[in-house]
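Let's take a walk through this one together. Have a look at the fold first, then we'll go into the details.

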Amino acid sequence: MPLPKAPSKLSARVEIDNTLKKAAAPAARTAPVAKTTPAGRPVQPPKPAPAAKPAPAARSTPSAKPSPAVRPAQAAKSREARHSGPSKLFVLDTNVLMHDPSSLFRFEEHDVFLPMMTLEELDGHKKGLSEVARNVRQVSRSLDALIEALPGGRKGSDLTAGLPLNALGHSDATGKLYFQTETLQADLTAGLATGKADNQILSVVRALSEKHRGRPVVLVSKDINIRIKAHALGLPAEDYFNDQVIDDADLLYTGSMALPEGFWDTHGRNMESWQQGGTTFYRVSGPLCSAFHINQFVYDEGERPMYAVVDEVKGSTAVLRVLRDFTHAKNSVWGITARNREQNFALSLLMNPDIDFVTLLGQAGTGKTLLALAAGLAQTLDTKLYNEIIVTRATVPIGDDIGFLPGTEEEKMQPWMGAFEDNLEVLNRGMAGGGDWGRSAANDLIKSRIKIKSMNFMRGRTFINKFLIIDEAQNLTPKQMKALITRAGPGTKVVCMGNIAQIDSPYLTEGSSGLTYTVDRFKGWAHGGHVTLQRGERSRLADFASDTL
């Protein structure tokens, strides 16, 4: 791949803009390298590099939706400026605590109120091994610990005065927790059944609003219907948004960036380049470098195309490593070559032994499963880097559940693994000689190295030297993602794939999905990488359907 040409010195230039002069200051050299000043590139007047897009601003109104981008330290400093009015009293519905057991501590300086009906419903859902039951038990333990933290413990507890929410170390939660210790009833409207749990909670909200006049009392619920009823009764109600990693899926980190026009003019005047192990490296300096993330892909598709990955970032200096071209047949992976730019980036991550964690996002037909399987087979059967491929996925059906399935664990999981069977057929085609007999033998060898596991039995396991593929990860919660990723032992690589536009779980959205959460949290880690695949390569029919339906 040809080297990008740095701009030559301008003999006629007398003055240089001060900002660009600072941005292009030569970095300290740590090793003897060759300074490149390739000639022949047309010189253009330097243009300031575009500033990185600012992060979404923190919300300015007191609500149950503080921006996830606001860290606790920043929130503590700016809380007084952001909340000038009286603190709110948030009445929590049961489903909020079931969804996020730590929601008690997510309302900053505002107070939290738990109706007796909420405690009753929590008690009714504490049994079982489901995610909801585990969350309920965690909430119960938190409530018990808050009571125990009072002076005198349970014996000296006075729940009417409220429990400090920061008693368990949650320094950002400076409000208090109140329980319903007396009968709170208020007339709602004719026609509402008084015995229904939702209506009793609405009655408590109305009674609190009348009792605390001048103070905002807000119902927080994940249930759309109770929020609609609250609005119809003139009661303020909000959804719980604190589990949202991002407000808009378009703001999610994509893992790649197009270098702006004039990048080499503003960042390449003192560029250094060298080769090591057959790979070309560049050290560039400029204002845009501070916005780079480790293992982020950058590309310039101008006169001399270049595709590189960010290897190192120190202040306004970055080291770029030119990528191997996986679109060429000589660099094929198990017979598969990249068909577009993002697939090339994905194979670079999947085939890099220094990358332990890879996330792939993309719509249907972008090649996520095929690329992951090809990379896994190449590194398991050819280079012996891993001794086995383990495949699992969230078993959330699109339509009605077909019920229990007979057989062993792998036989039960087989209907969910149709996508892998289809891709194995593509990978096995033409890989073995001897006609049908050869293909059958190769297929048996491949299947002997691929194990299909259920997520239900992952707790407590440790995978050593495995290539772990987690498919349909958009249907997992952040807690489930953590439980799966922490199964990785020495020498194991984890690949998470999914499409956040196809979430089948009724309790997750694009902003709260475990896959979104993981992409955001692993951003910039030296041993992790992410790519959002943009173009479908399945067929013209699938591409048209994805765009128009």
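How many helices and how many strands does the chain have? There are 16 helices and 19 strands, and keep in mind as you browse that this is a predicted model. The chain runs to 549 residues, with 46% of them buried. As for what touches what, take the contacts with a separation of 6 or more: 69% of these are between residues 24 or more positions apart.

Now let's turn to the aromatic rings. The chain holds 12 aromatic pairs. One of them joins W264 and Y282, edge-to-face, with 6.2 Å centre to centre and 65° between the planes. W264 belongs to helix α8 (residues 263–267) and Y282 to strand β10 (residues 279–285), so this pair ties together parts that are 18 residues apart in sequence. Are these two buried or exposed? W264 comes out at 1% relative accessibility, so it counts as buried, since the cut-off is under 20%. Y282 is buried too, with a relative accessible area of 1%.

Another pair to click on is Y386 with F467, again edge-to-face: the centres are 5.5 Å apart and the planes make 65°. Here the pair links distant parts of the chain, 81 residues apart. Y386 sits in the loop between α10 (368–382) and β15 (388–393), while F467 is in strand β17 (residues 466–471). Both partners count as buried, Y386 at 5% relative accessibility and F467 at 0%.

Rings also gather in a group here: F297, Y299, Y307 and F345 make up one aromatic cluster.

At what angle do they pack? Helix α14 (residues 478–485) meets helix α15 (residues 514–521) at about 65°, and their axes are 7 Å apart. The crossing is right-handed. On the α14 side, the contact is made by P478, M481 and I485, and α15 brings G514, L515, Y517 and T518. Sort the residues of this contact by type and you get five nonpolar, two polar and no charged.

Notes: Residues numbered from 1 in each chain as written. Predicted model: local features only at pLDDT ≥ 70, side-chain atom pairs only at ≥ 80, totals over all residues. Heavy atoms only, no water. Axes fitted to C-alpha atoms, helices over the stretch in contact; angles between N-to-C directions. Helix = DSSP H or I, 4+ residues; strand = E, 2+ residues; numbered from the N terminus. Left-handed = near helix turned anticlockwise from the far one by under 90°. Contact = heavy atoms within 4.5 Å. Nonpolar A, V, L, I, M, F, W, Y, C, P; charged D, E, K, R; others polar. Phe/Tyr/Trp six-rings, centres within 6.5 Å; stacked < 30°, edge-to-face > 60°. Buried < 20%, exposed > 50% of the residue type's maximum accessible area, 1.4 Å probe, protein only.
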